[in-house]
Amino acid sequence: MHPIDLRSDTVTRPTAAMRQAMAGAPVGDDVYGEDPTVNRLEELGAATIGSEAALFVASGTQANLLALLCHCGRGEEYIAGQTAHCYCFEGGGAAAFGGIQPQPLDFAADGTLDLTAIARAVKPDDPHFPRTRLLCLENTQGGKVLPLAYLAEARAVAAGHGLGMHLDGARIFNAAVKLGVDVRRISGHFDSLSVCLSKGLGAPVGSLLCGSRELVAAARRWRKALGGGMRQAGILAAAGIVALTDHVERLAEDHEHARQLASGLAEIDELELDPTAVQTNMVFVTLSDERSLALAAFLRERNILIAGRGCIRLVTHLDVDEADIRKTVAACKDFFAAR
């Protein structure tokens, strides 16, 4: 019996349709550009996002790193959120591999970066300072969807300062489904963006880096230098094709399950959460470190997995159904009723 795993939407298992597609995928050597299934995924990804080209890579971390390496040179700088994935959670790759300096800014409560703060963070043309080259945004950010109007305003600020725009769009389709718009309404504001196939879309591995033909060509060279050139990768790409064609609209189910989870947990006085803050597939719950660890242990005994200390992030996905939500809420109520 598989656990109810709410730690992340990265824990999904490939569906039967994905496994069938993987088993029958025609393959070739992708480093030579000869894997037909990888080529088909990249063409589908570019067409879906509305970019000129796309590159299939091993992970969202690799996609973001490739984008930073393409936009920025050594001793140059990118602006990102203080807790942005590309700054906080990707091993310092931009600094380690590219000599690229981050300029972090605090996120606002809605997941945006203050536009005035962005403008102030751009360094003057002076040899004392690094050249600021890139603005990185994240959508969704902590489960929050960036407003379309904000994206247009951020684009104007970036253009006014000669900055490129990159989107960590690991969950861009969650944002598009929540807004009820074509994903290109979001992606059209950016020069490059990463799209994760292995989170809510459910593929077992892989991301896409989307952008201009020139940027993707440069990223392909960097991917090889980083050891990311894959050979018969069509076996993996086949699952990504199923993810893009069959699993986008169903993200609305994950959002509804997150709403149901938040509503149920809000009935527990000991938990601090705001159900109205839930926009997509993430629920954030606050309680003491000690109690959060005890709750995690209690739930694990009941085959329910959560993670976090103090602030717990609960993430719904295609392997979590409505019955799992009810079971989780009931188990949490049992935990606090016994204490």
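In this predicted model, helix α1 (residues 16-23) passes α11 in a right-handed crossing, meaning that the near helix is turned clockwise from the far one by less than a right angle. Local features need pLDDT of at least 70 and side-chain atom pairs count only at pLDDT 80 or more, whereas totals for chains, interfaces and linings use all residues. Residues are numbered from 1 along each chain as its sequence is written, and side-chain values use heavy atoms, with hydrogens and water left out.

**Helix pair α1 and α11**
- The two axes, which are lines fitted to C-alpha atoms over the stretch in contact, come within 8 Å and cross at roughly 140°.
- Ala17, Met18, Ala21 and Met22 of α1 meet Ile235, Leu236, Ala238, Ala239, Val242 and Ala243 of α11, where contact means heavy atoms within 4.5 Å.

**Nonpolar cores**
- A nonpolar core is a set of buried Ala, Val, Leu, Ile, Met, Phe, Trp, Tyr and Cys residues joined through side-chain atoms within 4.5 Å, and buried means under 20% relative accessible area with a 1.4 Å probe, protein chains only.
- In the largest nonpolar core, of 67 residues, Phe56, Tyr78, Leu135, Leu137 and Phe173 touch the most other members.
- Helix α11 (residues 234-246) gives the most to this core, with seven residues.

**Helix α8**
- Six of the eight residues of α8 (residues 172-179) are buried, so this helix is largely enclosed by the rest of the structure.
- The buried residues of α8 are Ile172, Phe173, Asn174, Ala175, Ala176 and Val177.
- After α8 comes glycine 180, whose phi is positive, near 70°.

Definitions and conventions. Buried < 20%, exposed > 50% of the residue type's maximum accessible area, 1.4 Å probe, protein only. Helix = DSSP H or I, 4+ residues; strand = E, 2+ residues; numbered from the N terminus. Axes fitted to C-alpha atoms, helices over the stretch in contact; angles between N-to-C directions.
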